[in-house]
Amino acid sequence: MPGIWETHMNFSQWSRTLVKTIAVVLALALPTALAISSADARVGGGFSSGSRGSRTFSAPPSTTTAPGSTSQFNRTYSQPGGGFNNAAPSRGGLFGRGGGFLGGLAAGFLGAGLLGMLFGGGLFGGLGGLSSILGLIIQIVLIVFVVRLAMSWWQRRNSPQAAYAGAAPGPQANYRSGLGGGFGFGANNNAPLEIKPDDYEAFERLLGDIQSAWSNEDVAKLHTLATPEMVSYFEQDLAQNRARNAVNKVTNVKLLQGDLAEAWREGETDYATVAMRFALTDKTVDRNTGAIVAGSEQPGEVTEVWTFARRPGSPWELSAIQQTN
């Protein structure tokens, strides 16, 4: 009959195997869970990406369509002070360079802790490791806490934007009255650059064309609709979709309300930042079977702030997308 010590060792060995299994599952499942969030599937990945010239690090004025603030850029070539960084843009989010202290802490903790558990060192090594039942419980609790913290942070950051109930369209001097409020002028729109009706038509057209090209994974088309910087982010996101054998389909895009936040000229480049609330159907499907793996067939609404840029003799291009808070 096995003694108490032998029983303890057998249980400890079983516990070690169990925790290794949990570690493997977490190591594989967490990146996938973060990547397949339906809220970050649409074009732009739910991030604030791109550049707004010298105003990249200045928040655009609030508007009737987007009365709150906008998120700072997670992905941008711009440097504080107006310069540009030619290095490849970093991926934002929890584990990207844009994740700040929380990102570094979570990535380092999970990476070192899970690998340590896999190779027998325990999460903290010198604190008794897995030979201690108390240490085992503490390690599991800490892992669950960190994972739940990470997932909660991600869901809050990428939650679908709630519709602004009762938000009225802008003043009647608007150019697009057929789709909700259309594009109009608000109190904060005393911009030095005049935006004409044809420009608003171009902005609305770009909204649909970019979503369509994204859904078709047509990078060549995206190059005609957005700046090289924005296309580089689109290509990154499309590559990630292909890596997990998925494709994001954004359909039924319809502008509901929009207004100009600001417009200005820098050198030969014109910029216009526009808040847009639009309806869409956003779903991610398996590339082979067509089964929905994220999102749904149900239509939803999104409010984002898009910046467009134009040089002499060239049409408007998408230069930045910012999420609203």
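# Briefing: salt bridges, aromatic pairs and nonpolar core

Asp-199, Arg-265, Asp-270 and Arg-310 are joined by salt bridges into a network. The model is predicted, with a mean pLDDT of 73 for the protein. A pLDDT of 70 or more is reached by 55% of the residues.

**Salt bridges**

- The structure contains 11 salt bridges.
- One of them joins the side chains of Glu-304 and Arg-42, with an N to O distance of 2.8 Å. This pair connects distant parts of the chain: Glu-304 belongs to strand E6, while Arg-42 sits in the loop between helix H1 (4-35) and strand E1 (49-50), 262 residues apart. Glu-304 and Arg-42 are both buried.
- Asp-270, a member of the network, forms a salt bridge with Arg-310 in which the closest N and O atoms are 3.0 Å apart. Because Asp-270 is in strand E4 and Arg-310 in strand E6, this pair ties together parts separated by 40 residues in sequence. Asp-270 has a relative accessibility of 7% and therefore counts as buried.
- The side chains of Lys-283 and Glu-297 also meet in a salt bridge, at 2.7 Å from N to O. Lys-283 lies in strand E4, and Glu-297 lies in the loop between strand E5 (292-295) and E6, 14 residues apart. Lys-283 counts as buried because its relative accessibility of 19% is under the 20% limit. Glu-297, at 46%, counts as partly exposed.

**Aromatic pairs**

- The count of aromatic pairs comes to eight.
- Tyr-200 and Phe-203 make an edge-to-face pair, with 6.1 Å centre to centre and 80° between the planes. Both residues lie in helix H4 (residues 197-215), three residues apart, which is about one turn of the helix. Tyr-200 and Phe-203 are each buried.
- The ring centres of Trp-214 and Phe-234 are 6.3 Å apart and their planes are at 65°, so this pair is edge-to-face. The pair links distant parts of the chain, with Trp-214 in helix H4 and Phe-234 in helix H6 (residues 228-243), 20 residues apart. Trp-214 is buried at a relative accessible area of 1%, and Phe-234 is buried at 0%.
- A cluster linked by ring pairs comprises Tyr-200, Phe-203, Phe-278, Trp-306, Phe-308 and Trp-316.

**Nonpolar core**

- The largest nonpolar core consists of 34 residues, and Ile-195, Phe-308 and Leu-318 have the most contacts inside it.
- Two or more residues of this core come from each of H4, H6, strand E3 (246-266), strand E4 (269-286), strand E6 (300-310) and strand E7 (317-323). H4 gives the largest share, eight residues.
- Beyond its neighbours within four places in sequence, Leu-318 is in contact with several residues, including Ile-210, Met-230, Phe-234, Trp-306 and Phe-308.

Conventions
Residues are numbered from 1 along each chain as its sequence is written. Side-chain values use heavy atoms; hydrogens and water are left out. pLDDT is the predictor's confidence in each residue, from 0 to 100. Rings of Phe, Tyr and Trp (its six-membered ring) pair if their centres lie within 6.5 Å; planes under 30 degrees apart count as stacked, over 60 as edge-to-face and the rest as tilted. Helices (H or I, at least four residues) and strands (E, at least two) are DSSP runs, numbered from the N terminus. Buried means under 20% relative accessible area, exposed over 50%, partly exposed in between (1.4 Å probe, protein chains only). A nonpolar core is a set of buried Ala, Val, Leu, Ile, Met, Phe, Trp, Tyr and Cys residues joined through side-chain atoms within 4.5 Å. Contact means heavy atoms within 4.5 Å. A salt bridge is a side-chain nitrogen of Lys or Arg within 4 Å of a carboxyl oxygen of Asp or Glu.
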